[in-house]
Amino acid sequence: MGFSVLTTNAVDLQRLLEENKTTSAQIVEEYLAQIDRYEPALNALISPAPRNKILGIAKARDEERQKGQIRGPFHGIPIVLKDSFVTASELGMSTTAGSYAFLGAKALKNGAITQRLIDAGLVILGKANMTEFAGMKMTMMMPGWSAHGGQTLSPYVGKIEENEKILGHSAPGGSSTGSAVAVAAGFSPLAMATETIGSIVTPSTRAGLYALKPTTGVQDCTGLYTMTEFFDSPGPMAKSASDIRILSEILLGRLFSSPNLGSWEGISVGFLDPKHWSMSPDFCTQFEGTAEQMVDEYEETVSALRDRGCSLKYPIHCEDPSVLPTTILPIAYWEFKNVCIPRFIRSFHECCVTSVAHIVKFNKENSEKALPAPFAGQNDLEGAMNSIEEKEQIDEMKRDLRKAARDILDDLFDKEKINILAAPADSPLCAHASAAGYPVATVPIGQLRYNDRPFGLCLVARVDEEKTLLQFMEMYEKVVKPRPVPKFRMTVV
């Protein structure tokens with residue numbers, strides 16, 4: 001039985017497999033054909049898996065299914081991983097975080113999350129392009145660009161406009177852009193991403209997807225490039241809320257089904273005012289009608305949810321992240337240098353760099369490849385290299401920042417008697433969530449008439465309240481219009 005790579009979700013594919021209407025090998029073939037059609041134009045994949053290996057793995061999952069050996073609810077379903085998830089070299093994919101300095105690095109084993117997904121029966125189709133080092137290379141570098149992978153483009157918008165700002169309407173998102181584009185373009189039903197501040201939220205909503213950044217620190221990040229320990233968390237992207245729920249169950253080892261799953265019971269949402277919670281002009285230029293359309297459709301969504309029984313308050317007030325301590329950058333620099341890059345390097349048994357200073361030196365010595373125009377700088381790498389704070393200073397900064405963010409959010413949750421805080425995804429709400437270490441989810445709203453770029457909601461809940469977000473997402477999907485499907489506004493080479 002055929003299916004649409006652009007609209008069919010992983011739950012539907014699993015049903016087809018259970019009913020013997022298709023095989024994992026046939027499903028993989030469909031996605032590979034779509035990759036052949038559009039990857040040359042979109043540049044979403046930095047390291048596709050070798051076809052013979054993928055098909056061999058898919059056939060092995062089919063054989064297991066025939067014997068009744070089902071590894072998990074997504075047994076035999078394809079997935080794409082951001083190029084920050086370490087894969088064993090035997091799988092035929094590199095892990096570079098977008099950097100030439102890690103090209104050729106070899107790993108004997110998979111990272112913890114990679115292995116968890118394989119053990120659950122998922123089939124890794126390839127690694128997604130990403131902003132190099134998730135942005136920890138050069139200030140104002142275009143999201144979805146890396147020296148090794150080039151620039152990823154949106155299947156909705158196509159070419160990035162000349163002199164575009166980094167979060168402008170033709171820009172594809174945050175550091176997990178390749179993962180989001182891969183799902184939206186029909187290269188895979190599922191993808192794994194990571195977020196420091198906005199790197200899941202922005203690209204997933206600009207690809208019309210559902211996504212989740214779980215509570216910071218609840219997953220084993222061994223064998224995963226993260227910019228920081230304090231802010232970062234890996235999470236799933238997909239075309240449906242049910243896909244996000246099931247993949248989250250695999251990742252977090254918790255079941256999220258409950259009698260309340262198909263109802264609004266226990267859910268109360270506070271919506272921030274979209275006229276105040278929007279993208280700064282420094283990051284995104286608004287064009288005639290764009291800001292107004294996003295406000296109108298946000299308010300229409302609030303009305304639709306209220307009419308369908310969702311308990312909500314609109315508008316409510318929240319202090320913006322400018323009131324938080326200005327310590328994000330020193331924390332990021334210190335952890336990148338002293339924790340995250342050393343841990344990433346330890347994932348490999350062969351690697352040509354040994355430290356942040358070594359990466360900076362490598363880039364200078366190989367500038368033609370490692371520092372190409374238009375993003376030829378490495379000021380953030382150098383800033384991290386030169387960070388001199390003591391661990392005790394950084395620990396104090398982290399404590400103060402986390403407390404400040406949690407005080408703001410917890411006071412709002414308590415005062416307004418809500419358990420979800422919502423704002424436009426084109427807003428700084430994800431900065432509050434990252435500073436607090438709280439889980440964040442995204443859902444789609446619509447598309448700009450200006451250029452078809454999707455936009456959506458950012459949703460925050462308290463620590464370990466992924467279940468609340470997932471329940472809301474599944475009910476939300478029943479109420480709103482279907483997520484937008486791309487028209488591929490670009491020329492395929």
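Are lysine 137 and glutamate 132 buried or exposed? In this predicted model, where residues are numbered from 1 along each chain as its sequence is written, local features need pLDDT of at least 70, side-chain atom pairs count only at pLDDT 80 or more, and totals for chains, interfaces and linings use all residues. Side-chain values use heavy atoms, with hydrogens and water left out. Lysine 137 is buried, and glutamate 132 is buried as well, where buried means under 20% relative accessible area, exposed over 50%, and partly exposed in between, with a 1.4 Å probe and protein chains only. The side chains of these two residues, lysine 137 and glutamate 132, meet in a salt bridge at 3.0 Å, N to O.

Side chains of opposite charge can pair when their charged atoms come close. A salt bridge is counted here when a side-chain nitrogen of Lys or Arg lies within 4 Å of a carboxyl oxygen of Asp or Glu, and by this rule there are 23 salt bridges. One of them joins arginine 15 to aspartate 12 at 2.9 Å, N to O; both residues belong to helix α1 (residues 10-18), where they are three residues apart, about one turn of the helix. Helices (H or I, at least four residues) and strands (E, at least two) are DSSP runs, numbered from the N terminus. Arginine 15 is partly exposed, with a relative accessible area of 40%, and aspartate 12 is also partly exposed, at 28%. In helix α13 (residues 391-416), aspartate 395 and lysine 398 are separated by about one helical turn, because they are three residues apart, and their side chains form a salt bridge at 3.9 Å, N to O. Lysine 398 is buried, with a relative accessible area of 16%, and a network of salt bridges links Glu335, Lys391, Asp395 and Lys398.

The secondary structure of the chain comprises 15 helices and 13 strands. Of the 493 residues in the chain, 64% are buried, and the C-alpha atoms fill a box of roughly 60 × 55 × 40 Å along the principal axes.

Two of the helices, α2 (residues 24-42) and α3 (residues 51-66), have axes that come within 8 Å and cross at roughly 155°, the axes being lines fitted to C-alpha atoms over the stretch in contact, with angles running from 0 to 180 degrees between N-to-C directions. Contact, meaning heavy atoms within 4.5 Å, involves residues including Val28 and Leu32 in α2 and Ile54 and Leu55 in α3.
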